[in-house]
Amino acid sequence: AAASAPSVFLPIEKFSSVDFSSHRNPNSSFTMNCSISGEVPEEPVVSTKSGLLYEKRLIERHISDYGKCPVTGEVLTMDDIVPVKTGKIVKPRSLTAASIPGMLGMFQNEWDALMLSNFALEQQLHTARQELSHALYQHDAACRVIARLKKERDEARSLLAQAERQAPLPASAATANVSALSNGKRAAESEDMGPGGKRMRPGIPPTLAPIDALERYTQLSSHPLHKTNKPGITSIDINLSKDIVATGGVDSSAVLFDRTSGEILSTLNGHSKKVTSVKFVAQNDVFLSGSADKTVRIWQGSEDGKYDCRHILKDHTAEVQAVTVHATNNYFVTASLDTTWCFYDLSSGLCLTQVEDPSNSMGYTSAAFHPDGLILGTGTTGATVRIWDVKSRGNVANFDGHTGAVTAISFSENGYFLATAAHDGVKLWDLRKLKNFRSFELYDQDTPTNSVDFDHSGSYLAIAGSDIRVYQVGSVKAEWNCIKTLPDLSGTGKATCVKFGTDAKYLAVGSMDRNLRIFGLPEGDDASTES
């Protein structure tokens, strides 16, 4: 037998490091695995006592915790560890990447992770868009309030300058004024009282019809706008800038009437049932109509005075009872007996959201935006008034206390008060404290109150039922005095809708006959009032 070659051992203690980088064949499949993890180490070291190979960070942690070799159990310190120098280590492929099915599974996992990441980004984008939309709402509302305050300031300055020019104060009167203003309370009390001891509201536009003018209002004209076979006007709105009155009728048509000339501008046909609500949009000559046929129509005016139907909206499944336009004139809301309200983009006619409260089984009978556009008020068939946050579409408050369906709601221009009408009369609500502070039970139990409307200055409130009554707006503590009671001259005993004209210079009234009636100050009284 051939003698075996003698083995040669080199004591590893003689080396401060071991270098395999220059002797490794790059084509060989030789690999060194860590004795702890079983994987190829990124920073290999070897024990001088056992000759075992480790990942440096793993053996360091083990020695610091236990102070011995993890395999042999003998005592081991970091002085017994020698680094191993090797060439660049290429880790072998994992088993999943070594076959086509494994690679397909790996690609599927990557795709799923990508889709989840994309979904998260879309959610973040949607949230950012909602926050931006809310910020734009607040900005538009703030701009509107600022513009109104500037207008009131300029009108007050103009009125003051005119008064100073017409009646300059003598020195003695000026001295008396200074002494009066030194007592703030007495001065304020004197300013609140007008001729005849009637309280005057501060900040009233100089062109607003005064109280003594409203006391002399009478019927100025009556106009048969709708068909005789289906009489009845259900809704009224006024384009204040053009003095055009719109009426919606039981005869399924809407009529646009020029009050100045006394002529019908256009009759809009297309609905198959009665028109329940009509609204002008202050910009771009747009008009909206809602109907019992479950649809809403957007009409676009042209230079020749005609209106064309631009969109027919069919998102509701029951009668549309109310249409209200947002303060920005870019959006509007419709309320229906199907227990939902829809928020629309005016330019496209798209329903941006349809809100349904699962806890509410009552249909909506009326709706109105708050002047700042951030909250929406709706009346229901169940005698409840519901207040909504437009941004979150959440129900933030409920007002109970009425009897029967809430037929109409109106916010005052300063945003403090809400007037609601129902079968039992009218209730006034303080929106700052969310409570009812006054109620008007005007008619008998068989006569519902059909309409309420604050004028644009927030100085007067009109109520329609078996007659028409005009109140001077007070405050939570001060009385709301009835200035004028106008009879319902239709003979039906049911005034269905009422609306103030520009600066409360006239009232437009609709009843269950086919005539639009205009109440105001006769021409002979205008001169005496101005003088």
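This is a predicted model: local features need pLDDT of at least 70, side-chain atom pairs count only at pLDDT 80 or more; totals for chains, interfaces and linings use all residues.

Reply: Happy to! Residues are numbered from 1 along each chain as its sequence is written, and side-chain values use heavy atoms, with hydrogens and water left out.

Me: What percentage of the 531 residues is buried?
Reply: Buried means under 20% relative accessible area, exposed over 50%, and partly exposed in between (1.4 Å probe, protein chains only). By that cut-off, the buried share of the 531 residues is 41%.

Me: How many helices and strands are there?
Reply: Both are DSSP runs numbered from the N terminus: helices are H or I with at least four residues, strands are E with at least two. The chain comes to six helices and 32 strands.

Me: Does the span of H2 agree with its 67 residues, or disagree, and how far apart are its end C-alpha atoms?
Reply: Helix H2 covers residues 100-166. The expected span of a helix is 1.5 Å times one less than its number of residues, so the 67 residues of H2 should span 99 Å. That agrees with the distance between its end C-alpha atoms, 98 Å.

Me: Is Ile 100 buried or exposed?
Reply: Ile 100 is found in helix H2. Its relative accessible area is 64%, so Ile 100 is exposed.

Me: Which residues of H2 are buried?
Reply: What covers them includes strand S15 (331-336) and strand S16 (340-345). The buried residues of H2 are Gly 102, His 134, Tyr 137 and Ala 141.

Me: Is Leu 313 buried or exposed?
Reply: Leu 313 lies in strand S13 (residues 307-313). Its relative accessible area is 6%, so Leu 313 is buried.

Me: Which residues is Leu 313 in contact with, leaving aside its neighbours within four places in sequence?
Reply: Contact means heavy atoms within 4.5 Å. The C-alpha atoms of Leu 313 and Tyr 344, 31 residues apart along the chain, are separated by 9.6 Å. The contacts of Leu 313 beyond those neighbours are Lys 294, Thr 295, Val 296, Ile 298, Phe 332, Tyr 344 and Gly 349.
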